[in-house]
Amino acid sequence: MFKSSEIIVGLEIGTSKVCAIVGEMNTTGSLNIIGIGQCPSHGVRKGEIIDPTLASADIRNAIVEAEQRADVEIRSVYLGITGNHIQGFNNRGVHTMVPTNREITEEDVQDVIKNAKAMNLPEENHVIHAIRQHFTVDDQEGVVNPEGMLGTKMEVDMHVVHGKRNRLQNPIRAVKALQLDVENVVFTGLASALALLSNEQKELGALVIDFGGGSTEYVVYADGVVKHTGVLAVGSDHLSNDLAIGLKIPLHRAEQLKLDQGRAVLDDGCKGQTITLKSELALPEKSINLEHLRRIMHLRLEETLQIIEQRLAEASLLEYLRAGIVLCGGGARIPQLPDLVRSVFHLPASLGKTTGISGLTAALDQPEFAAAIGLAKFGSLQNKQRPGSNIFKRVLSDIFRGD
Amino acid sequence: MTTAHAPAPESPAESVVSPPQLAFRVFGLGDAGGRVIDYLAAANLSHITYIAVNTDAQALAATSVAHRVQLGAKHARGLGTGGDPELGCSAAERDAETLRQHCVGADIVFIVAGLGGGTGSGASPVLARVAHDAGALVLALAILPFDCEGSLRQCQAHHALQQLKAMADGVICVPNQRMVKLVDDNTSLTDTYRLTNELIAQGIRGLWRLVSRPGLMNADFPTLCRVLRGQHAESSLAAVETKGPNRVREAVEKLLASPLLDSGQTLAEATRVLVGVLGGPELSLAEINRISEQLNRHCENAQLTLGANTEPDYRDRLEITVVVTHGNPADLPSSPALEARLQPDQPSVTIDLAAERHLFNEPQPIRPASRLVPPPPVLPPEEMEHIYRRQLTGNPRSRRSSHRMQQGQLPLEIVPKGRFDKSEPTIHRGEDLDVPTYIRRGVPLN
């Protein structure tokens with residue numbers, strides 16, 4: 001028997017896999033994961049769909065499997081998107097109260113948010129998220145909710161995530177082609193952060209890095225709000241590619257080697273060691289130098305992390321990360337990756353664990369599903385505050401802020 | 001020209017046993033060849049006869065050598081071939097008898113020709129054949145055109161070179177393009193050609209000195225033959241002269257830097273090397289040892305033969321001449337086995353199949369360890385004949401197209417991107433992140 005009520009599905013169309021997480025709302029109001037469906041992804045590269053036909057087939061497979069596992073019928077999903085074109089920046093809006101020095105009302109808040117939204121974006125870009133960060137009333141910063149306060153000038157900082165409209169539409173259309181509704185679209189980096197960070201971590205300041213197959217997303221939380229988001233279109237595919245080119249082996253062998261033998265850190269223990277690949281059909285036996293393998297991987301991972309570190313340093317955010325760095329995504333499985341992250345950022349780093357969600361521990365413990373779980377959590381939070389569509393945008397900010 | 005012996009020797013080897021004075025005839029074919037022998041003639045070496053051969057009467061009149069032969073006087077009427085090798089070839093054929101007369105009594109015939117034009121490319125194979133029939137050893141020095149002279153010349157030069165290789169006993173190639181390294185932007189064309197001619201003349205003189213006198217460590221005429229021989233082998237020639245306390249090291253350095261040896265690349269690919277050392281009476285064994293050691297290091301795969309000689313007037317000077325051969329090192333018997341007929345209207349070489357098969361069935365010599373060339377497959381004779389026939393008598397159109405040299409175009413940057421070859425690159429601060437990190441950072445994997 002299929003029940004179609006009250007389920008929330010998060011769908012992530014990734015480069016290495018498409019996965020759908022089915023959750024349902026608990027009596028206590030928290031999310032309970034009841035099913036997962038996944039399928040290896042073929043039509044996606046660097047996080048974006050390059051072959052809609054293949055991608056649709058993979059999405060269908062994932063959804064069908066999730067339906068069977070959870071014994072439900074899926075009608076709508078919360079879709080995760082990523083891509084090189086997505087950028088995040090902080091914008092400030094100002095609103096002066098008239099008459100001066102009076103109590104701030106809800107309309108004032110709306111006005112200042114509207115001002116903050118008036119920004120110069122290129123025509124082809126569309127705002128995915130506009131997340132409220134903090135208000136500043138007169139000179140008092142860090143105001144969470146200015147309603148009821150007295151003041152003359154109100155400013156608001158908003159974090160805006162935007163991307164190219166056409167490229168955003170592609171995954172939405174692929175999903176709609178399967179007769180599924182898209183409830184909302186969420187940047188997968190934010191979704192991962194939602195799933196993994198506790199309120200305390202958000203207050204202290206944390207960086208979430210999602211090592212995906214085609215891209216690496218990173219999100220900085222500080223003082224309870226989103227401070228920075230970004231995407232780097234370099235993922236584990238690049239690792240496999242580097243290995244295939246550097247060791248002169250076919251791609252599928254490189255991927256297998258990466259999974260078996262990959263390490264993030266180069267140590268002296270592997271000098272001079274070789275691995276022999278068994279001969280396959282039309283491929284002879286080949287002996288691989290282990291040190292080369294490790295070195296190639298180490299260089300690529302180190303470079304990716306250094307680029308993220310550079311970008312954060314430019315935005316002066318590294319001082320805010322008191323709770324350290326949280327890793328997720330398939331790439332987080334690389335052994336000794338936390339050590340490498342620690343050496344690049346000089347901050348504590350660890351694998352992320354989902355918080356505040358119950359259900360299938362098989363799913364919850366896996367770093368690959370963090371983004372999809374986050375999408376489901378986003379859906380649950382949005383559902384919780386569903387009544388009244390005019391506070392829809394407000395709900396969005398509240399969702400990303402600490403609860 | 002004086003020869004101490006009367007009958008022309010049957011084979012080159014015999015001349016060494018009889019009185020040592022060898023008759024050297026140097027033919028300068030065409031415009032380029034004529035200019036080079038002008039240069040050579042100025043050095044006034046004994047026992048060498050210089051003969052200039054051309055279709056262009058004006059050019060012939062301008063040379064300073066004593067003997068001149070005008071080809072195709074009746075048909076070309078004293079004008080040049082206009083860069084057409086076929087005309088050069090037919091002119092040479094018509095005057096083949098005159099050419100033969102000049103070759104009679106010679107031991108070594110040295111043909112200097114600039115390939116790519118008409119007389120040089122067309123007449124040199126004919127002359128080689130004629131000289132050979134007259135019983136001399138034929139060495140050819142082929143000057144290959146600059147790249148800027150155009151693809152037609154390159155093509156004709158390449159074609160003529162193949163024919164020469166088939167006809168002559170040894171071919172030394174001097175690609176003019178290598179000279180580009182010697183000149184800078186301000187050198188005039190005359191100076192460039194002068195430099196080139198000087199280098200070539202130096203090489204030829206060194207060679208002549210090597211073989212014409214018996215040396216203390218002998219590297220004489222038959223040695224030279226052996227080094228140069230080999231079907232489809234290609235040789236390079238370079239000579240350097242130094243003096244002073246560090247002359248051995250300087251000489252080797254100069255050799256390795258010489259454009260004629262492609263900055264040492266030719267040495268690395270060589271199969272046989274002949275080194276002639278000429279010094280004054282103070283030349284020591286230690287120096288010769290050092291030369292041999294240092295050169296050996298650069299041509300480890302090759303057989304190195306060393307010859308040394310001293311001359312009283314070479315006091316304090318050291319001259320090293322190097323002949324480097326790379327190509328098929330097989331010791332083939334001399335040309336009677338190879339019967340090549342040149343048809344003026346059919347610009348191709350038809351090799352007699354029976355003769356070829358005879359060559360194939362000869363016991364193959366032991367090849368030196370070669371990293372690059374795999375041993376030939378062992379096939380039954382019918383298959384070999386079939387393959388050969390297919391190669392030679394193919395569609396004339398396909399053969400012509402294979403002669404046209406294709407100049408491929410390489411993309412501006414050849415970096416491997418593997419899976420991301422055709423996708424939008426991820427650019428970060430000007431770097432394409434799809435290219436593997438270890439390549440961009442220049443980390444060597446060895």
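Among contacts in chain A between residues at least 6 apart in sequence, what percentage join residues at least 24 apart? The figure is 70%. A contact here means two C-beta atoms, placed from the backbone, that lie within 7 Å.

This is a predicted model: local features need pLDDT of at least 70, side-chain atom pairs count only at pLDDT 80 or more, and totals for chains, interfaces and linings use all residues. Residues are numbered from 1 along each chain as its sequence is written, while chains are lettered from A and ligands numbered from 1 in the order in which they are written.

**Stop 1: chain A overall.** Of the 403 residues in chain A, 48% are buried. Buried means that 20 or more other C-beta atoms lie within 10 Å of the residue's own, with C-beta atoms placed from the backbone; exposed means 12 or fewer, and partly exposed falls in between.

**Stop 2: the open sheet.** Select β13, β6, β1, β2, β3 and β21 of chain A. In that order these six strands form an open sheet with mixed pairing. Its edge strands are β13 (181–187) and β21 (357–359), each pairing on one side only. Strands pair if DSSP finds at least two bridges between them. From one strand to the next, the twist averages 35°.

Now zoom in on β1 (residues 7–13) and β2 (residues 17–25) of chain A. Seven bridges join them in the antiparallel sense. Val9(A) stands opposite Val22(A) in β2(A).

**Stop 3: helices on the sheet.** Helix α1 lies across β1, β2 and β3 (31–40), at about 140° to β3(A). Angles run from 0 to 180 degrees between N-to-C directions, with axes fitted to C-alpha atoms, for helices over the stretch in contact.

**Stop 4: a hairpin.** Select β15 (residues 216–222) and β16 of chain A. Seven bridges join these antiparallel strands. They form a hairpin with two residues between them, and Asp223(A) in the turn has a positive phi of about 55°. Glu217(A) stands opposite Val231(A) in β16(A). Eight of the eight residues of β16 (residues 225–232) are buried, so this strand is largely enclosed by the rest of the structure.

**Stop 5: chain B.** Finish where the chains meet. Here 15 residues of chain B are in contact with 20 residues of chain A.

How values were computed. Helices (H or I, at least four residues) and strands (E, at least two) are DSSP runs, numbered from the N terminus.
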